[in-house]
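Welcome, and take a moment to look around before reading on. The sections below walk through some of the sheets and then turn to the ligand.

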Amino acid sequence: MSELLPNHLAGQWQAGHGAGTPLVDPVLGTELVRVDAAGLDLSAAFAHSRDHGGAALRALSYRERGQLLAAIVQVLQRHRDAYYEIATANSGTVKNDSAVDIDGAIYTVGHYARLGDTLGDRRHLVDGDAVRLGKDPLFQSQHVLTPTRGVALLINAFNFPAWGLWEKAAPALLSGVPVVVKPATATAWLTQRMVKDVVDAGVLPAGALSVVCGRSDGLLDALQPFDVLSFTGSAQTAQTIRSHAAVTQRSVRVNIEADSLNCAVLLPGEVTGGEAFDLLVKEAAREMTVKSGQKCTAIRRIFVPQALYDAAAEALRARLARTTVGNPRNDSVRMGALVSRSQLESVREGLAQLATQAEVLHDGAGHPLVDADPQIACCIGPTLFGARNGDRADRVHDTEVFGPVATLVPYRDSAHALALVRRGQGSLVASLYGSDPAALAAAALELSDSHGRVHVVSPDVAAAHTGHGNVMPQSLHGGPGRAGGGEELGGARALTFYHRRSAVQASTAVLAAL
Ligand code: NAP
């Protein structure tokens, strides 16, 4: 039997009492490790985090907590090679794709470490200026933000076991709030190992960082009113979470990052083979294949002017055909596996659904697998659909196929393009491609109400832009509507979720002493 990974709860390593769920190599089909959390006292563990981890973190200033994050960066960098090995084995990703998760995580912690330094020696944040409440200027109101005295429970999706942990944990710890992370079972190993390395290095106070792996039973029952819950995953699980008594009765603050039908739009006025056209094709093909399309921000819909539809289809087809798929241990492979057999089945079901309303422009099933047994490996080539009548193709706008899949859709004019984009009902990111700054700016503002991020690619930033799907800690991550309505990152904005806002009404002398 494989190793049973322990959980870190109440400042101790604790094995679950059940047999455990095996984690599997999605390329070789071999069992790697097991995870289990059955029979553990989660209420006691959360109480320990609040009482010990929370108190110890709140006693520190933002600068000191930033220094803890800087120490975490060093620990993670020391063990980076081991993380790559785990990612290859458990997520089936090629090195470049593992980097998005692992190095993206380390970069994000580093960003919040530096932010801690700029926030300085304070233990609370001031929100805006003091304002007079009446005629007499002596009595005023000052809003302040203080760290919530609860735990931050992070429930994460399988696709980012490293970044998913740290993009949430870094702002939480910097805010002075202890973290309990529950990784998705399929890829929990990397999250557990990172927590283990940081705990073993002794850089954080006891109770500041905990990990619970395996079944989620009872997790939300352990939440109390001042706890916060940050969830990333499917819209279906999000619905279960939103209706739990922790949220409906105990007012636990929740942030939801759910699935999203992100898009790329080539603006009118561009030509086949022009710079903007080429940038769109390159980015769309890249987004389809990075992490085998298992990115919440991946481009799912590609909108181009009607006259450029055939040329765009051809250019995308040519790029996708060059994608080598298979065992990530083989250097010639550019795209590894989906995370599990059930994800492969789910992608196949999604492909069948899209095929009822769209034509296949490039068929992923035709890609031979390199160094991998098709009977065992959860690998599939990239598939491009085309929907010549985007107005009638409902599935294209409402079905997230969480794999290397996108649909090309032609539009008549700008208004039609924007209307089609809006059929996605809110998403994490839309990217715009064009060479007219005024037209790009106008489209960006048109879409910003319904997209957490609008990524604009013009020829002048061809080499400088950070990528449609790459989430940078400086920018907001999250989106309205079906994307879950959440907000994460965005530099210092991320800290608000882990703080409570309060208005202190007092004499100016008292406010000056805050
Ligand atoms: P999922 O099945 O919803 O699972 C997400 C997490 O919720 C896992 O840790 C899961 O644990 C846990 N969970 C399941 N049922 C639960 C319950 N009743 N109570 C509490 N926790 C529960 O999603 P997934 O398949 O891992 O991830 C894929 C989805 O995530 C995609 O739709 C993708 O778009 C979305 N996603 C969104 C973002 C974003 O930032 N917006 C980022 C990444 C992924 P188990 O694994 O143990 O079941």
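## A hairpin to begin with

Strand S6 (residues 125–132) and strand S7 (residues 139–147) run antiparallel and are joined by 5 bridges. Please keep in mind that this is a predicted model. To get from S6 to S7, the chain passes through a hairpin of 6 residues.

You can follow the pairing residue by residue. Val126 stands opposite Val144 in S7, and Asp127 stands opposite His143 in S7.

## The three-stranded sheet

Where do S6 and S7 belong in the order of their sheet? They are part of an open sheet of 3 strands, arranged S6-S7-S24, with antiparallel pairing. S6 and strand S24 (499–507) each have a single partner strand and stand at the edges, so one side of each is left without a neighbour in the sheet. From one strand to the next, the twist averages 20°.

## The seven-stranded sheet

Another open sheet has 7 strands, in the order S16-S18-S19-S14-S13-S20-S21, and its pairing is mixed. Its edge strands are strand S16 (359–362) and strand S21 (451–457), each of which pairs on one side only. Here the twist averages 25° from one strand to the next.

For a parallel pair within this order, look at strand S18 (residues 383–386) and strand S19 (residues 405–411), which are joined by 4 bridges. Thr383 has Val405 in S19 as its bridge partner.

Which strands does helix H9 lie across? Helix H9 (residues 275–289) lies across strand S13 (263–266), strand S14 (301–305), S18, S19, strand S20 (427–433) and S21. Its direction is at about 165° to that of S13.

## Around the ligand

Now for the ligand, which is surrounded by 25 residues. The closest are Asn156, Thr185, Ser234, Thr237 and Glu400. Sorted by class, the shell contains 10 nonpolar, 11 polar and 4 charged residues. Among the elements that contribute, strand S11 (228–232) and helix H7 (235–242) each supply at least two residues of this shell.

Which polar atoms lie 3.2 Å, 3.4 Å and 2.8 Å from oxygen atoms of the ligand? A polar backbone atom of Phe158 is 3.2 Å from a ligand oxygen, and a polar backbone atom of Ala184 is 3.4 Å from a ligand oxygen. From His477 comes a polar side-chain atom, 2.8 Å from an oxygen atom of the ligand. Taken alone, the ligand exposes 910 Å², and the protein buries 81% of that.

How values were computed: Residues are numbered from 1 along each chain as its sequence is written. This is a predicted model: local features need pLDDT of at least 70, side-chain atom pairs count only at pLDDT 80 or more; totals for chains, interfaces and linings use all residues. Side-chain values use heavy atoms; hydrogens and water are left out. Two strands pair if DSSP finds at least two bridges between them. Axes are lines fitted to C-alpha atoms, for helices over the stretch in contact, and angles run from 0 to 180 degrees between N-to-C directions. Contact means heavy atoms within 4.5 Å. A residue is near a molecule or strand if one of its heavy atoms lies within 4 Å of it. A polar contact is a pair of N or O atoms within 3.5 Å; within protein, one must be able to donate a hydrogen and the other to accept it, and residues adjacent in sequence count only if both atoms are side-chain atoms. Accessible areas come from the Shrake-Rupley method with a 1.4 Å probe; for residues, only the protein chains shown count as cover. Ala, Val, Leu, Ile, Met, Phe, Trp, Tyr, Cys and Pro count as nonpolar, Asp, Glu, Lys and Arg as charged, and the others, Gly among them, as polar.
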